[in-house]
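Thanks for making the time this morning.

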Amino acid sequence: MNPLTHAFIALSLFKDEKLTKDEKDHLLLGCIIPDLHLSELITYKETHYRALEFFKSTTNRLHQFLALGMVLHGEEPKGVDYYAHGKEGIIEQNQEEINKIALKYKSCIGNFNAMTAHFLIEFSCDSIISQRDKSILPQFLSALDNPKLDQAITEFSNFFGLEKKKKEKIIRLFHNRFLKKFFENLSSIETTPKSWTNVTFVMNPKNENTRLSFREKLTIFTKFSYLNLQRKIHHIKIAQLFEEINAQMEQPALEFIYQTIEKLKPLKNDLQRNLC
């Protein structure tokens, strides 16, 4: 799932707890850092299957909250992505209907492949949940400004055996103002097309810059002016696409989110009992 959905679920699980600002900030970073695998700095298997090992290895309470967020996000033990990506998950159950909608907009959504509906559903969930709870985005963006997160990223990097250069890249990435804008744009239908363009540019295997690193692609992309983007993509049509998808997905998205929160409560409670 996308970052704002993960953030909403994590915060909902702790809504009755009196977390400090630092604890909440580390939890929020933890619930999105598993998707760092998209940067090619670390593998999906490490971030989605080894978070519990990381949790057990650290004796720093704040770093445990980062690891706890990772566990809630992941595949093993059963976190949000496990419930989202399986055969009974929200992606598989809604993929056929979303593909039917997407095909009508094929000319303006970029490279169309087997993962298109997957990404569209995840983008839609972020838009839906952030419209229902407008406090999610400000809390999420505020968390990324916490300087103490750099220390947690350092321990994260050391645990997974990442070299110093990769650690420094991860720290810079989460301070990157364009990445924060990407997250911000996910919160509404009007701005979601901008983030959709980021994803299709970076992930498109036919892109002429395909051999560049994720960070190099991001640097090139952010050099485009807003007017250039307007000429290159059909923002209005993409917004219409997400209006249709959100109408189709609102009920299943909310059902999935609240059912997943209930499923994750025993795991959250077990981890909480083992905090330093």
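Let me begin with a question: does Lys 167 count as buried or exposed, and at what relative accessibility? Before I answer, please keep in mind that this is a predicted model, and that everything I quote is computed from it. The relative accessibility of Lys 167 is 18%, and because the cut-off for buried is under 20%, this lysine counts as buried. Lys 167 sits in helix H11, and if we set aside the neighbours within four places in sequence, its contacts are with Ile 153, Thr 154 and Ser 157. The C-alpha atom of Lys 167 is also 8.7 Å from that of Phe 156, a residue eleven positions away along the chain.

Let me step back to the whole chain for a moment. The protein chain has 276 residues, of which 54% count as buried, and it contains 16 helices and zero strands. If we take the contacts between residues at least 6 apart in sequence, 75% of them join residues that are at least 24 apart.

Now back to H11, and to what follows it. Helix H11 spans residues 164-175 and helix H12 spans residues 177-185; their axes come within 5 Å and cross at roughly 50°, and the two helices are therefore oblique to each other. The contact brings Leu 173, Phe 174 and His 175 of H11 together with Arg 177, Leu 179 and Lys 180 of H12, and by class these residues are three nonpolar, one polar and two charged.

As a general point, rolling a probe the size of a water molecule over the atoms shows where empty space is left. In this structure there is one cavity of 30 Å³ or more, and the volume of the largest cavity is about 30 Å³. Helix H10, residues 149-159, and H11 each supply at least two of the lining residues, and the largest share, three residues, comes from H10.

Leu 11 is found in helix H1 and, at 13% relative accessibility, counts as buried. Leaving aside neighbours within four places in sequence, Leu 11 is in contact with Lys 24, Leu 28, Ile 136 and Gln 139. Leu 11 and Gln 139 are 128 residues apart in sequence, yet their C-alpha atoms are 9.7 Å apart in space.

Helix H8, residues 116-132, and helix H16, residues 235-273, pack at an angle of about 75° with their axes 8 Å apart, and that makes H8 roughly perpendicular to H16. Among the residues making this contact are Leu 120, Phe 123 and Arg 132 from H8, and Phe 242, Met 249 and Glu 250 from H16; taken by class, the contact has 13 nonpolar, three polar and two charged residues.

Glu 76 and Pro 77 are joined by a cis peptide bond, with omega at about -5°, and Pro 77 lies in the loop between H5 and helix H6. The other is Glu 40, in the loop between H2 and helix H3, which has a positive phi of about 70° although it is not a glycine. With a relative accessibility of 60%, Glu 40 counts as exposed, whereas Lys 167, where we started, counts as buried at 18%.

Technical notes: Residues are numbered from 1 along each chain as its sequence is written. This is a predicted model: local features need pLDDT of at least 70, side-chain atom pairs count only at pLDDT 80 or more; totals for chains, interfaces and linings use all residues. Side-chain values use heavy atoms; hydrogens and water are left out. Axes are lines fitted to C-alpha atoms, for helices over the stretch in contact, and angles run from 0 to 180 degrees between N-to-C directions. Helices (H or I, at least four residues) and strands (E, at least two) are DSSP runs, numbered from the N terminus. Angles under 35 degrees count as roughly parallel, over 145 as roughly antiparallel, 65 to 115 as roughly perpendicular and the rest as oblique. Contact means heavy atoms within 4.5 Å. Ala, Val, Leu, Ile, Met, Phe, Trp, Tyr, Cys and Pro count as nonpolar, Asp, Glu, Lys and Arg as charged, and the others, Gly among them, as polar. On a 1 Å grid over the protein atoms alone, a cavity is a set of points where a 1.4 Å probe fits but cannot get out, and a pocket is an open set with protein on both sides within 12 Å along at least five of seven lines; lining residues have an atom within 4 Å of a point. Grid points are joined across faces, edges and corners, and a volume is the space filled by probe spheres set on the points. Buried means under 20% relative accessible area, exposed over 50%, partly exposed in between (1.4 Å probe, protein chains only).
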